Amino acid sequence: FYKDSHCAQGGEIVDEKACGLVGAHCEAKCRKPQSSPAPTPQLYWDGQCTACPAKFYSHCSQGGTLVGEKGCGLLKIMCEGQCAKAAAAPEAADWIIIGGGASGCAA
């Protein structure tokens, strides 16, 4: 209900819990807004030239998952796999306590 009060520094509410006398007040867990664009997967070509399609062969020796392929070898009739490594996880959310003294909530 009170996103502007709970997440005063911006961001989004990701969880909430009741607190205070008879649980009449609440605390919200806010994820801070990202100052930079969301992380994207790291793409790389694996350098292994196999028969096509690439999904039938072992690719991505540096980790990640196969997301594409391109022609390689003589006349480009073989396939090299394109792999994606997972992006780094976003920063964890912190509990933001609003009105701790007045509501009876404690940090």
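Helices (H or I, at least four residues) and strands (E, at least two) are DSSP runs, numbered from the N terminus. This is a predicted model, in which local features need pLDDT of at least 70 and side-chain atom pairs count only at pLDDT 80 or more, while totals for chains, interfaces and linings use all residues. Residues are numbered from 1 along each chain as its sequence is written, and side-chain values use heavy atoms, with hydrogens and water left out.

**Stop 1: the sheet**

Select β3, β4 and β5. These three strands make an open sheet in the order β3-β5-β4, with antiparallel pairing; two strands pair if DSSP finds at least two bridges between them. Because β3 (42-50) and β4 (65-72) are at the edges with a single partner strand each, one side of each has no neighbour in the sheet. On average, neighbouring strands here are turned by 30° against each other, direction ignored. The axes behind such angles are lines fitted to C-alpha atoms, for helices over the stretch in contact, and angles run from 0 to 180 degrees between N-to-C directions. In general, strands of a sheet pair through backbone hydrogen bonds, either parallel or antiparallel.

Now keep β4 and β5 (residues 78-85) in view. Seven bridges join this antiparallel pair.

**Stop 2: lysines over rings**

Show the side chains of lysine 70 and tryptophan 45. The charged end of lysine 70 sits over the ring of tryptophan 45, 4.5 Å from its centre. A charge sits over a ring if NZ of Lys or CZ of Arg is within 6 Å of the ring centre and within 35 degrees of the ring normal. Next, select lysine 85 and tyrosine 44: the charged end of lysine 85 sits over the ring of tyrosine 44, 5.7 Å from its centre.

**Stop 3: threonine 50**

Go to threonine 50 in strand β3. Is threonine 50 buried or exposed? Its relative accessibility is 15%, so threonine 50 counts as buried; buried means under 20% relative accessible area, exposed over 50%, and partly exposed in between (1.4 Å probe, protein chains only). Leaving aside neighbours within four places in sequence, threonine 50 is in contact (heavy atoms within 4.5 Å) with Tyr57, His59, Met78 and Cys79. With histidine 59, threonine 50 makes a side chain to side chain polar contact of 3.1 Å. A polar contact is a pair of N or O atoms within 3.5 Å; within protein, one must be able to donate a hydrogen and the other to accept it, and residues adjacent in sequence count only if both atoms are side-chain atoms.

**Stop 4: cysteine 72**

Move to cysteine 72 in strand β4. Cysteine 72 counts as buried because its relative accessibility is 9%. Beyond its neighbours within four places in sequence, cysteine 72 is in contact with Cys49, Ile77, Met78, Cys79 and Glu80.

**Stop 5: the loops**

Most residues other than glycine have a negative phi, and most peptide bonds are trans. Select proline 53, in the loop between β3 and β4. The peptide bond from cysteine 52 to proline 53 is cis, with omega near -5°.

Finish in the loop between β4 and β5, where leucine 75 is placed. Leucine 75 is not a glycine, yet has a positive phi of about 60°, and is exposed, with a relative accessible area of 71%. Lysine 76, found in the loop between β4 and β5, has a positive phi of about 55° although it is not a glycine. At 59% relative accessibility, lysine 76 counts as exposed.
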